[in-house]
Amino acid sequence: MHVYSEISPIRVNGACSQFSFQVNGWGAFLAHRLARKCDILNRGLSGYNTRWAKIVLPRLIGKDSKAENTVAVTVFFGANDSALKDMNPKQHVPLEEYADNLKSMIQYLKSVDVAEDKIILVAPPPLHEKTWEKECIAKGEKLNRLNSITAEYAKACVKVGEDCGIAVIDLWTLMQKNNQDFSRYLSDGLHLSGEGNNFLANQLWSVLEQRTSKLPMLLPYWRDVDNFHPEASLRGSSHD
């Protein structure tokens with residue numbers, strides 16, 4: 001996801017981001033909160049892992065993407081990378097490569113003038129194995145992920161953030177805080193439910209609210225428009 005202001009952009013990138021603009025999605029939540037301040041650009045790719053994302057990232061964000069106006073870029077991967085190699089070799093990415101791929105994407109974003117303080121890593125949410133196993137069986141497959149393995153990828157994501165000076169939202173830890181029942185955050189044991197989307201949206205908002213609080217509103221509030229001379233109110237800079 002990319003938060004962008006030209007209104008400035010916020011870019012949303014990740015396998016878990018494609019559905020962020022569905023009803024009650026976390027991208028839709030941010031778009032509503034930042035209406036007329038930021039454009040929320042969804043670049044999520046369902047099913048992708050960091051190996052593939054690293055390759056396509058330059059097609060999604062380049063030097064011509066007005067990176068200087070970017071407020072934030074989210075990088076949300078890990079749920080697919082952590083798939084078990086024997087059960088799901090197509091999506092699986094080894095742990096060390098996963099971390100290296102995240103670092104590579106961070107370096108690329110920096111190379112197109114997206115600074116470290118504008119990048120937000122999102123670690124994968126926990127996996128509810130019992131629920132996800134039912135989904136797998138319904139497709140004629142065996143359980144292809146384990147929460148204990150997802151934990152390793154979440155920790156690696158957090159470590160990358162620490163090493164690179166990047167903000168991280170550790171969903172795996174936050175959703176299991178105080179041994180709470182995290183199944184409500186997941187629609188099928190893997191993907192975010194409405195409540196899970198709301199949880200992530202609030203976590204992101206806690207980071208983005210301060211960054212966006214001083215951004216100007218695009219065009220005046222309707223009550224402030226001069227009814228007799230609207231041109232005076234509505235013409236001029238896009239930030240007026």
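Visitor: How are H1 and H7 set relative to each other, and why is that word used?
Guide: This is a predicted model. In it, the axes of H1 (residues 26–33) and H7 (residues 194–212) cross at roughly 40 degrees. H1 and H7 are therefore oblique to each other.

Visitor: Within what distance do the axes of H1 and H7 come?
Guide: They come within 8 Å.

Visitor: Is that crossing left-handed or right-handed?
Guide: The crossing of H1 and H7 is right-handed.

Visitor: Which residues of H1 meet H7?
Guide: Trp26, Phe29, Leu30 and Arg33. On the H7 side, the partners include Asn197, Leu200, Trp205 and Leu208. By class, the H1–H7 contact has eight nonpolar residues, three polar and one charged.

Visitor: Now H2 and H3. What is their packing angle?
Guide: About 15 degrees, with the axes 9 Å apart. H2 covers residues 50–60, and H3 covers residues 95–111. Angles under 35 degrees count as roughly parallel, so H2 and H3 are roughly parallel to each other.

Visitor: What is the handedness there, left or right?
Guide: H2 and H3 cross in a left-handed way.

Visitor: Which residues make the contact?
Guide: H2 gives Thr50, Arg51, Ala53, Lys54, Leu57 and Pro58. Among those from H3 are Glu97, Tyr98, Met105 and Tyr108. The contact has eight nonpolar, three polar and three charged residues.

Visitor: New topic. How many cavities of 30 Å³ or more are there?
Guide: Two. The second largest cavity holds about 40 Å³ of space.

Visitor: What lines the second largest cavity?
Guide: Ala79, Ser82, Pro125, Pro126, Leu127, Arg145, Thr150 and Leu190. That lining has five nonpolar residues, two polar and one charged.

How values were computed. Residues are numbered from 1 along each chain as its sequence is written. This is a predicted model: local features need pLDDT of at least 70, side-chain atom pairs count only at pLDDT 80 or more; totals for chains, interfaces and linings use all residues. Side-chain values use heavy atoms; hydrogens and water are left out. Axes are lines fitted to C-alpha atoms, for helices over the stretch in contact, and angles run from 0 to 180 degrees between N-to-C directions. Helices (H or I, at least four residues) and strands (E, at least two) are DSSP runs, numbered from the N terminus. Angles under 35 degrees count as roughly parallel, over 145 as roughly antiparallel, 65 to 115 as roughly perpendicular and the rest as oblique. A crossing is left-handed if the near helix is turned anticlockwise from the far one by less than a right angle, and right-handed if clockwise. Contact means heavy atoms within 4.5 Å. Ala, Val, Leu, Ile, Met, Phe, Trp, Tyr, Cys and Pro count as nonpolar, Asp, Glu, Lys and Arg as charged, and the others, Gly among them, as polar. On a 1 Å grid over the protein atoms alone, a cavity is a set of points where a 1.4 Å probe fits but cannot get out, and a pocket is an open set with protein on both sides within 12 Å along at least five of seven lines; lining residues have an atom within 4 Å of a point. Grid points are joined across faces, edges and corners, and a volume is the space filled by probe spheres set on the points.
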